[in-house]
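Me: I would like to go through this structure with you. Could we begin with the salt bridges?

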Amino acid sequence: MHDERTAAAAGRPGGGGRTAGRRRLGGSLLALTVAGAVLLTGCGAGSGSNSSDSADKSGGKNLPLPAPVQPSGGTDEGDRQGEQSDAPVAPSPDYLSTFALDVDTASYGYARRELADGHAPDPSTIRPEEFVNSFRQDYERPDGNGFSVTVDGARTGDDRWSLVRVGLATRAAEKESERPPAALTFVIDISGSMSEPGRLDLARESLDVMTDRLRDDDSVALVTFSAEAETVLPMTRLGDHRERVHRAIDRLEPTDSTNLGAGVRTGYATAVEGLREGATNRVVLISDALANTGDTDADSILERISDARREHGITLFGVGVGSEYGDALMERLADKGDGHTTYVSTRDDALTVFCDQLPRNIDLTARDAKAQVAFDPETVEQFRLIGYDNRKVADEDFRNDRVDGGEVGPGHTVTALYAVRTRPGAAGHLATATVRWLDPDSRVPHEEYGRLETGSLGGDVWTSPRTFQVTAVAAYFADALRSGDARWSSLPGGLPLARLASRARDLANGTEDRDVSTLATAIGQADDLHVCGAGCDG
């Protein structure tokens, strides 16, 4: 089982279960205070938050890592290493799990497209965190920039295994009139493959609608690429120039090959040339990512734009389209471009992305955001982070602010789900989850944390609150879709797809949530294709 581990303990953070606290950081940890009111979600789980400010100049290297509670009796580090399952090489023994935040949803969108077309998705394209993060959560939101932290869990009924959910939420999105102005450079694939219905036609229609909905003080540039790249519209303040933008959009027609590297380079050059101080500057790449001319490797494509990306803070929003889609390349581009990806296959998808998600992603509330979960070795025997395989961060780099994290805007939630096996008779502290980010303007680091006690695992997954159940269904669905990949063993507590689809339908009926209804449909389609999930002999 990938990344399933136990390890030795480090130091003990003080405090009990359902607590919230405040840390103020300098070159070392100066104080830890426990503060009041806690939101209880999920199965009565403890959650908490602390805000912290740091003037550390060392990139975080001099600050202590968040650590699990040290076992009572002063057990030394290394005394209890537990077991590592299904891993060819055992990792360094610890009870820490560290990853960069990710709000991508493209993997789930593309899987739905494949299933709707009657094809089982390639297991290598399945990223469970993108399934989980495709659904609305009800986490408490902070008032300002940064995150709230909610930690909850429920038992699976499978040999002391539980699902533990770490939920992070940013502040609510501001009213359209209150956000900063935007300078958006659209880099649009007009290669021959974009002539398929549901590709360039969707992009044109969505860009037209979005142009009418953006504010007068927003700016738009258009770059197209096929065999070569061209700036067809330099950065243009909308104001009285919307018709000029519409005319440029209407002229978009598919041509020949796909020089994605030229498109990205020209797009970033155009974004830098049209850079606006005090605005959110972003490159929006719309492509099937089937690069077949020029640079086709993400590292090579982004090598020449790294200076602009770092110096000017220009981030990338990737929008994938098409029945054939270069999922791996688009994801790497977004990861290296300090951005994220989504996938559209229908008119409704496209309008949601360009007219809802994109405006919500114009602003940023956190840069280089990372999470670290410290499990208590007194109560935890094994744990496994479900997904985030391409977002892992070395534990010692959690507070190294020179190591990239994720960029997150207002109105977002980020969920990480763990499979956790508790020790027999476990009681007390189970885990502490800490999120660290840089203020998007000042680049000052901050942290929040939340805690979970074993007593909060009393309920069953399928009797837990509805949002927790939806999270579990999405994770189990992703697990079933990648069951053909030998790198992964099944999650504990999984259901056959027919029963999982029934759970999803019940949840959809109870919540009247169209997204959950769509999930139920996709699971049913996978079952019809005899995708092998829990209880399947392969």
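Predicted model: local features only at pLDDT ≥ 70, side-chain atom pairs only at ≥ 80, totals over all residues.

Me: How many salt bridges does the structure hold?

Reply: The structure holds 26 salt bridges. One of them joins Glu331 to Arg127, with 3.4 Å between the closest N and O atoms. Glu331 lies in helix 8 and Arg127 in the loop between helix 1 and helix 2, so this pair ties together parts 204 residues apart in sequence.

Me: Is Glu331 buried or exposed?

Reply: Glu331 counts as buried because its relative accessibility is 5%, under the 20% limit. Arg127, at 6%, also counts as buried.

Me: And what about Arg347 and Glu205?

Reply: Their side chains meet in a salt bridge at 2.4 Å, N to O. Arg347 belongs to helix 9 and Glu205 to helix 3, so the pair connects parts 142 residues apart in sequence. Arg347 is partly exposed, at 44% relative accessible area, and Glu205 is partly exposed at 30%.

Me: Changing topic: how much space lies in the largest pocket?

Reply: The largest pocket holds about 980 Å³ of space. Its lining has 33 residues, and the closest to the centre are Ser134, Arg136, Thr352, Gln357 and Asp515.

Me: Which helix gives the largest share of the lining?

Reply: Helix 9 does, with seven residues.

Me: What is the lining like by class?

Reply: The lining has 17 polar, nine charged and seven nonpolar residues.

Conventions. Residues numbered from 1 in each chain as written. Heavy atoms only, no water. 1 Å grid on protein atoms, 1.4 Å probe; cavity = no way out; pocket = protein on both sides within 12 Å on 5 of 7 lines; lining within 4 Å. Points joined across faces, edges and corners; volume = space filled by probe spheres on them. Helix = DSSP H or I, 4+ residues; strand = E, 2+ residues; numbered from the N terminus. Nonpolar A, V, L, I, M, F, W, Y, C, P; charged D, E, K, R; others polar. Salt bridge = Lys/Arg side-chain N within 4 Å of Asp/Glu carboxyl O. Buried < 20%, exposed > 50% of the residue type's maximum accessible area, 1.4 Å probe, protein only.
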